[in-house]
Amino acid sequence: MSYRSLNDPTDTAHLEAMPGRSGGVQELTLPVIQGTLGPSVLDIRSLYPEKGYLTYDPGYTSTASCASKITFVDGEKGILLHRGYPIAELAEKSTFLEVAYLLMEGELPSAKEYEDFSGSITIHNMLHEQLRNFYSGFRRDAHPMAIMVGVVGALSAFYHDSLDIRDPQQRMIASHRLIAKMPTIASMAYKYAIGQPFVYPRNDLKYEENFLYMMFGIPTTSYQVNPVVAKALNKILILHADHEQNASTSTVRLAGSTGANPFACIAAGIACLWGPAHGGANEAVLNMLREIGHKDRIPEFIKKAKDKNDPFRLMGFGHRVYKNYDPRATVLRAACHEVLAELGRKDDPLLDLAQALEKIALEDPYFIEKKLYPNVDFYSGIIFQAIGIPPAMFTVLFAVARTVGWIAQWMEMIEDPSQRIGRPRQLYTGHPMRPYVSLKERTTA
Ligand code: ACO
């Protein structure tokens, strides 16, 4: 497989009839760069220095912010590949830590590499004991994502020996620490909210088993991990591990481009993920299903979603990139049925409602025309609910999974020799320059 390097464009594109800076009309020839898959890009790096123009792209719908080898998404065809491997195969055949290794290192691990990697993640799963004190500073009703932002950011105050981002060894240790400690931090946020003692991790359990144990174990009884639940959690973690240059990943890259330490960068990613248009959507899906309450009320809510004057949107539908079925939703839809059947909740009214809503929305001309398909959040909320994870924790689980994607993308950026601080420009639409008016001369409107 070969493809041109960034400095070896495959073609050029001509943009004509651009007004020149000093009047007249000028032509512009831009290099075109082709990746291994996906649309080619116009290389506009010389546009401002040479022509004095910026490009305007709010929401970055036509902007490739970086070159990356990690994840490929084809939104039209509904394809998602990690390092070339289709997501459905990874979800079916891999463990979450194998996928973490793949995202970070570029290849699936050999048996020895896997043992070393999972061993390293296991030995880093405890938190500095002093960090426990942070939790008691929060109100008991704090949203666990608020706790996550605070505690993950605070890791930089504890692990001084892995803050030097120029040192590959320190970067690696910080990365392993983050992946290892996220389930511990997340489950402690849950335990704090419900007033139960924190549960220390157990090194004899697998990553997802340990997470369940720390979430649901209590000191007074022994906790048996349900293998069906552990399998479903493994799948959910894989499906949420990375998704190209989404809002939170771009946030991590932007924060990291300044040289900020990895713990601070991941805390920034968590803050971004919290929003209901991003990671907060799975919690919003469940709230919406509860609000709808019964199949009979679906048409009323579909009508609201289509009404331009109503801010209501069907949560779990639509995606910036996918204009087809989200491949992760396909996997989760099947997993959802599997989990509910295994847990004896086949006739779950919420799943029933979700399926009816999905069917009606997929047949509705508005949703068809706008290519609004169910996204990954549509089903993850129902699975989480079935395995006993409370809605406020849904986005936290997403953050635990996405940490590996954030780290892989952050590492790729740091290791890129052409990396520079991320600094977008703007189209200024404010006042032109004007003289200052003293307070006594100002008139009120
Ligand atoms: N319900 C009803 N209408 C919708 C929905 C929806 N869920 N999503 C988009 N639309 C409509 C918009 O009103 C807009 O209509 P218009 O062209 O007539 O103005 C059109 O579809 C395009 O929508 P945009 O908001 O421009 O699309 P954008 O790419 O900016 O937004 C987003 C994508 C944020 C995901 C949006 O579809 C949405 O809000 N969905 C619901 C929230 C959600 O499920 N988020 C999870 C995303 S996946 C993830 O983070 C893992």
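Helix 6 crosses helix 7 in a right-handed manner. The contact of these two helices in the predicted model draws on residues that divide into 11 nonpolar, no polar and no charged. From helix 6, the residues Pro144, Ile147, Met148, Val151 and Val152 take part, and they meet Leu178, Met182, Ile185, Ala186, Ala189 and Tyr192 of helix 7. Helix 6 spans residues 144–154 and helix 7 spans residues 168–194, and their axes, which come within 10 Å, cross at roughly 135°. Because of this angle, helix 6 counts as oblique to helix 7.

Helix 18, which covers residues 394–415, is approached by helix 10, formed by residues 247–257, with the two axes coming within 9 Å and crossing at roughly 40°. The angle therefore makes helix 10 oblique to helix 18, and the crossing of this pair is right-handed. On the side of helix 10, the contact is made by Ser248, Thr249, Val252, Arg253, Gly256 and Ser257, whereas helix 18 contributes Arg402, Trp406, Gln409, Trp410, Glu412, Met413 and Ile414. By class, the residues of this contact between helix 10 and helix 18 divide into 5 nonpolar, 5 polar and 3 charged.

Helix 18 also packs with helix 12, which consists of residues 281–292; here the axes come within 7 Å and cross at roughly 155°. As angles over 145 degrees count as roughly antiparallel, helix 12 is roughly antiparallel to helix 18. The crossing of helix 12 with helix 18 is right-handed. In this contact, Asn282, Glu283 and Leu286 of helix 12 meet Phe394, Thr395 and Phe398 of helix 18, a set of residues that comprises 3 nonpolar, 2 polar and 1 charged.

Turning to the strands, an open sheet is built from 3 strands in the order 4-5-6, and the pairing within this sheet is antiparallel. Strand 4, residues 71–74, and strand 6, residues 85–86, lie at the edges with a single partner strand each, so one side of each has no neighbour in the sheet. In general, the strands of a sheet pair through backbone hydrogen bonds, in either a parallel or an antiparallel arrangement.

The antiparallel pairing of strand 4 with strand 5 extends over 4 bridges, and within this pairing Thr71 has His82 of strand 5 as its bridge partner. The hairpin that joins strand 4 and strand 5 has 4 residues between the strands, and Gly78 in this hairpin takes a positive phi near 70°. Strand 5, made up of residues 79–82, is also paired in the antiparallel sense with strand 6, over 2 bridges. Across this pairing, Leu81 stands opposite Pro86 of strand 6, while His82 stands opposite Tyr85 of strand 6. Strand 5 and strand 6 form a hairpin in which 2 residues lie between the strands, and Arg83 in the turn has a positive phi of about 50°.

The protein chain as a whole contains 18 helices and 6 strands. Its radius of gyration is 24 Å, close to the 22 Å that the globule rule gives for 445 residues, so the protein chain is as compact as a globular protein of that length. Taken along the principal axes, the C-alpha atoms of the protein chain fill a box of roughly 80 × 65 × 60 Å.

Terms used. Residues are numbered from 1 along each chain as its sequence is written. This is a predicted model: local features need pLDDT of at least 70, side-chain atom pairs count only at pLDDT 80 or more; totals for chains, interfaces and linings use all residues. Side-chain values use heavy atoms; hydrogens and water are left out. Two strands pair if DSSP finds at least two bridges between them. Axes are lines fitted to C-alpha atoms, for helices over the stretch in contact, and angles run from 0 to 180 degrees between N-to-C directions. Angles under 35 degrees count as roughly parallel, over 145 as roughly antiparallel, 65 to 115 as roughly perpendicular and the rest as oblique. A crossing is left-handed if the near helix is turned anticlockwise from the far one by less than a right angle, and right-handed if clockwise. Contact means heavy atoms within 4.5 Å. Ala, Val, Leu, Ile, Met, Phe, Trp, Tyr, Cys and Pro count as nonpolar, Asp, Glu, Lys and Arg as charged, and the others, Gly among them, as polar. The radius of gyration is taken over C-alpha atoms; the globule rule is 2.2 Å times the number of residues to the power 0.38.
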